[in-house]
Amino acid sequence: MSAPLYQSPKGVHDVLPDDHLYFSFIKKVVRHHCRRAGFRRISTPMFENVDVFTRSIGSTSDIVEKEMFTLESKSGKKFALKPEGTAGVIRAYIQHGMQQLPKPIQLYYVEPHFRYNRPQKGRFRQFHQFGFELIGESDPAVDAQIINISHRINQDLGIDDRLTLQLNTIGSMTDREKFKEDLINFYTGKERSLCEDCKRRMKENPLRLLDCKEEDCQILASMAPKFENVISSESKEHFELLKEYLEELNVPYELNPLLVRGLDYYTHTVFEFWSKKDGSQNATGGGGRYDGLIELMGGQPTPAIGYAAGMERTVEYMKETGIRPPNKDAVAIFVAQLGLVAKKKSLTLINQLRDEGLNVVGAAGKGSMKSQMSLADRLGAKYSLILGQIEVQEGTIILRDMNKGSQETIPIEGIVEKMTKLLGGKSLKNKKLWEE
RNA sequence: GCGAAUGUAGCUCAGUUGGUUAGAGCGUCCGGUUGUGGUCCGGAAGGUCAUGGGUUCAAGACCCAUCAUUCGCCCCA
């Protein structure tokens, strides 16, 4: 590739028309499921005060430590491009007094997000996520419903077979703090037997110590304190009920005691959808309960749970699975024309056909019949309508079936109705689009 | 943030141990005599060989830097 004068910065990409077929389809499926379940769409700004993220996600998490795109205003205010969706939604929830609204509050979003990390397969600096949050209900039945919706979305996108649902509970904030302490106590004095990564983990993310692949670390991990001994009976019961509900809903899951999420605000239920091929490396989405977050951000103590998934990864899995999204852009009719009078007539004809809700393209320039037909072919038009001087004079038009390669000359009178019938258009004539 | 590989036309790639005007297939455009696509045939356009330096009489090929992509690690969507 010879370098163009300008190219997109590292790790960020254009979404080209072919990929938008997938994006549109994913959005449609997400919207469908969210609406059915009472979620309403929200968009939060592309950037927030940096504190919104450091406070919620946790200042020691990787996302905050090294993956945030930060901006600074002339007056020295610090902002950050949003690295994930939940923090902004919760900020908006508190700011707009949604605490006063009847619970639960259910919100969904489809937005770009930004993380400054080294690009890789399925990992970009700008990427898109859809997600949903349910605020104000702590019952495990809600956890089951949220997981069920994400599972159903995967099913409708055709990628469910490629994924496994990993499920775990990480207890309450205090359970977890206690457990971290226990782990650190246990590992203190044993640092010599740990690999370099684990020495680092001990300081930064002790829960990950249990997840190491090194043999020596695994031996130690097997002797380490168990989370079962720390978890509160309340959290345990919550998890037991959740599992029952998931079985009732027929949602298959795998228990994964080592599943930890990278954001600090999670409590109790955590889950991720892992690729069967790449494991956690390419999780398509994940979520969990965050009962402490709203209070942490200055609101009333309120339980909540959410899920978010990456669109780019979803598209990748759809492609690998061979799922082709429907092409709503497909051209139904191509109108070819020859001569000035015919061209004039074809302009109104094209308009009339479009008013019937059909996708219609006509030759704009002055190409030959040959080049017009070839264009019709490449656009994948089902039918071509051909209007020349002779037809204009005779009051006829040629209707060509592009797949069969056959054509007939018919009266131009009633052609719009005929085409609408043939292609099943959805008339937009005399209809205000907002009345739909 | 760490380690490694790659970078030749819109796309997929050739390009011999450095040697004159840089190649193919696909795609694009135009033709194959009147107003008809998908096949076939012919022709054309399109590349300062990612960018910038350096070595050499000579560099797409060798060296360095930069940029981008890809693959591991870390982490995550």
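Predicted model: local features only at pLDDT ≥ 70, side-chain atom pairs only at ≥ 80, totals over all residues.
**Exercise 1.** Find where glycine 357 lies and which residues it is in contact with, leaving aside neighbours within four places in sequence.

*Solution.* First, the place: glycine 357 sits in the loop that links helix H12 (340-355) to strand S13 (360-362). Then the partners: these are Gly425, Lys426, Ser427 and Leu428. Now take glycine 425: its C-alpha atom is 5.2 Å from that of glycine 357, though the two are 68 residues apart along the chain.

**Exercise 2.** Describe how helices H5 and H9 cross.

*Solution.* Begin with the axes of H5 (residues 140-157) and H9 (residues 233-248), which come within 8 Å and cross at roughly 45 degrees. That makes the two helices oblique to each other, and their crossing is right-handed. Last, look at who meets whom: Pro140, Ala141, Asp143, Ala144 and Ile147 in H5 face His238, Leu241, Leu242, Tyr245 and Leu246 in H9. Sorted by type, that's eight nonpolar residues, one polar and one charged.

**Exercise 3.** Decide whether chain A is more spread out than a compact globule.

*Solution.* Count the elements to get your bearings: chain A has 15 helices and 16 strands. Its radius of gyration is 28 Å, well over the 22 Å that the globule rule gives for 436 residues, so chain A is more spread out than a compact globule. As for its extent, the C-alpha trace spans about 95 × 55 × 50 Å along its principal axes.

Terms used
Residues numbered from 1 in each chain as written. Chains lettered and ligands numbered in written order. Rg over C-alpha atoms; globule rule 2.2 N^0.38 Å. Contact = placed C-beta atoms within 7 Å. Axes fitted to C-alpha atoms, helices over the stretch in contact; angles between N-to-C directions. Parallel < 35°, antiparallel > 145°, perpendicular 65-115°, else oblique. Left-handed = near helix turned anticlockwise from the far one by under 90°. Nonpolar A, V, L, I, M, F, W, Y, C, P; charged D, E, K, R; others polar.
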